[in-house]
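Keep the structure open while reading.

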Amino acid sequence: MLGRVLCTVLFVGALPSPAGASQGHISIVLLGATGDLAKKYLWQGLFQLYMDQVSSGHSFTFHGAALAALEPGQRLMFDVLKQLSCPPDEPPNRCAVLKDQFLKLSQYHQLKTAEHYAALNREIETLLSQEGLEEAGRIFYFSVPPFAYTEIAGHINSSCRPRAGAWLRVVLEKPFGHDLPSAQQLAAQLAGFFREEEMYRVDHYLGKQAVAHILPFRDQNRQFLDPIWNRHHVERVEVVLKETVDAKGRTSFYEQYGVIRDVLQNHLTEALLFLIMELPANVSSAQEVVQHKLQAFQALWGLQRSSAVLGQYQAYDSQVQEELPEARGHVSTTPTFAGVLIHSHSLRWDGVPFLLTSGKALDERVGYARVLFRNTAYCPQSGTLRDAGHSQCKPKQIIFYFGHGALNTPAVLVSRNLFRPAMPKDSWKEAGARSDLHIFGQPLSDFYMYSPVKERDAYSVLISHIYHGRKDFFITTESLLASWAFWTPLLDSTSRQPPRLYPGGVENQQLLDFEMVAGGVEFSLAEPAELLHPSGQMPSEFRAIQSQFRQSPLVSAWAEELIARLASDMEAAAVRSVARSGQFHLALSGGSSPVGLFQRLARHHHGFPWQHSHVWLADERCVPLTDGESNFQGLHRHLLQHVRVPYLNIHPMPVHLKRRLCVEEDGGAELYAQDIAALVANASFDLVLLGVGTDGHTASLFPRSEHGLEGAATVVLTESPVKPHQRMSLSLPLINRARQVFVLVLGKGKHDITALLSRVGREPRKWPISGVSPSSGQLVWYVDYEALLG
């Protein structure tokens, strides 16, 4: 049947193909053909593709597929197809012919079992043989939940691949995982069936005309942007997506994902990367764009709990209770609003804040990416007399306007006191200056404004790119995993954080305003009492509490708050020491626990007197200092390379002498001891930072160690029960001569040893940490709730 229809369509004389041989046949299979996404966007996008390419030389068939049986599925699908429309500029007669042809070329299939996929393949093969067509390729569009991807991929790979010489393009819709491990798992599963070049992961924001034009705009305006697209001229970058709708009807999805996974990890991140990545020589090269994106990811500072503010509109929890019976009695902490502060340590962007914001039930529907430039000018004339085109006191900004909002159209806006941009006249037109509309408090007449010559839906744009095989508008596996690696730590650290409640819409007023504070973000206003959660005390309401642990002061809080407190206490100790003696001697342990602390000190504590500080190691693994397992290497990567410690004030342990590692006769331990004796008054460090192992070891002093637990030696070689076995460590007597010792204990994995240490006395041969007791100084324990309470 479809073959006769195809023959009839190809014969239509009103729509001739170009001269020459056919380009081949393309079969497009839409899985989930009766779902919401297909109804709203995908069928219209496929129809637009057909209208655009009907004369290209390719022939097409469209196969809608779902789990429903043939008759009800076919009825549902054709109800959607009958509603398809043509663009306003399409002649009505041509539109009617094209729509009729498209419906005739479309067919419904139930795809549920392996046999169904095999039958679809036989039907396509029969059609090709009967019509004498060469196969160009097949497109499978997965408009289905991700849990179904692997099974469908297996069926396509085993039963539905095209003939040799034809291409396969598999289109995947987000979400692509829930966090880094789940994304890695899904990527590995799909890689077992498809090659990377066959997969097209859709982020529909990359099809929005303003977003898609960011890289071309930067490329076409290099002469203007090269001098100013950097930290010396850019004040901040904002990427924003605000929605007025709430999550009603979608709470089952939203409870799993929330606003960060739904919007920030993908849409807003992609737009941000287009703005901050180094510009490739060829912005149309998918490979070059991906490599520059990955480099931009690598330069971003890791996100912490303090990097974000979270909100939830007030009605959300009751909607969850109503739509999800299994959630009754459960208090949802899923955020529906998020503001996130991101920083880069690249030379171009170091110190420039990047703000990503999105939320539901807000006061307006709008999306944009905005680059705001620094303004160093002072203008004596009054504001009313300033000419926007010449006054340097007017704000300077470039805005990529995604749509909706005051403009209600995609647009690119450039302040007139910056430059007149180069824009492609075939696709963008300059809009007339209007003073009746305002954007960010300025009349539109202050901007050069450009809008698309022909506005196109994002899905229509992306489907066209899939047809043409343009991979630069899609998410590669590398880029996907880099994004999840960046966002997962924030998701983990905020998973227990109850969001601020907000009423929704214009009633939010200033409740969601936030500001940058000490390298993080905080809400500007206190939460009104009437909006506080009725269930009472929530986890984030616990502040750092002080008590006693092993007869010494204890500070405890959630991990991120604890690290913030510890970093502040370390800075205060350093300032006091420098005021007292002119210098600060700090000995730091290695391992994973202090990494967050090192990053916090580097990013947030600009008042730390690093130029008067000496940094020592409390212990070191016997590996080269450039080795990834070296404590010094970790300390350098996370802290030292980001702060201004004088070179001669950095004291790595000499574990690598005479091309050998920790050989006793080389005297590395004695050399370090001599340095300490020469530089540290009375060999008494101002502060020693220690951790605790699950076996009770501290620094590299292990249970039943033969060296370092007692005696006169100040620096010793020790043996670890785990690789690398050889270590160098400060001795327990030297540690106990310090003015202050801080012990940091983090995570559930440390709960058992924490509980044990709370009961036992001083037995350093069994538990070396129990022997830490500064003779004339102070010991303070910093233990997070997970280690303390389990």
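I26 has G137 of β4 as its bridge partner. The model is predicted. The points below start with the sheet around that pair, then turn to helix contacts.

**The sheet**
- Strand β1 (residues 24–31) and strand β4 (residues 135–142) pair in the parallel sense, over seven bridges.
- Six strands make up an open sheet, ordered β3-β2-β1-β4-β5-β6, with parallel pairing.
- β3 (106–110) and β6 (199–202) are the edge strands; each has a single partner strand, so one side of each lacks a neighbour in the sheet.
- On average, neighbouring strands of this sheet are turned by 20° against each other, direction ignored.

- α2 lies across β1, β2 (58–66), β3, β4 and β5 (167–173). Its direction is at about 170° to β2.
- The axes of α2 (residues 36–53) and α14 (residues 458–468) come within 8 Å and cross at roughly 55°. The two helices are therefore oblique to each other.
- The crossing of α2 past α14 is right-handed.
- Contact residues of α2 include L37, Y41, L42 and L49; those of α14 include Y459, I463 and Y467.
- By class, this α2 and α14 contact has eight nonpolar, seven polar and no charged residues.

**Helices α11 and α12**
- The axes of α11 (residues 251–276) and α12 (residues 286–298) come within 10 Å and cross at roughly 95°. That makes α11 roughly perpendicular to α12.
- T269, E270, L273, F274 and I276 of α11 meet V289, K293, A296 and F297 of α12.
- The residues of this α11 and α12 contact comprise six nonpolar, one polar and two charged.

How values were computed. Residues are numbered from 1 along each chain as its sequence is written. This is a predicted model: local features need pLDDT of at least 70, side-chain atom pairs count only at pLDDT 80 or more; totals for chains, interfaces and linings use all residues. Side-chain values use heavy atoms; hydrogens and water are left out. Axes are lines fitted to C-alpha atoms, for helices over the stretch in contact, and angles run from 0 to 180 degrees between N-to-C directions. Helices (H or I, at least four residues) and strands (E, at least two) are DSSP runs, numbered from the N terminus. Angles under 35 degrees count as roughly parallel, over 145 as roughly antiparallel, 65 to 115 as roughly perpendicular and the rest as oblique. Contact means heavy atoms within 4.5 Å. Ala, Val, Leu, Ile, Met, Phe, Trp, Tyr, Cys and Pro count as nonpolar, Asp, Glu, Lys and Arg as charged, and the others, Gly among them, as polar. A crossing is left-handed if the near helix is turned anticlockwise from the far one by less than a right angle, and right-handed if clockwise. Two strands pair if DSSP finds at least two bridges between them.
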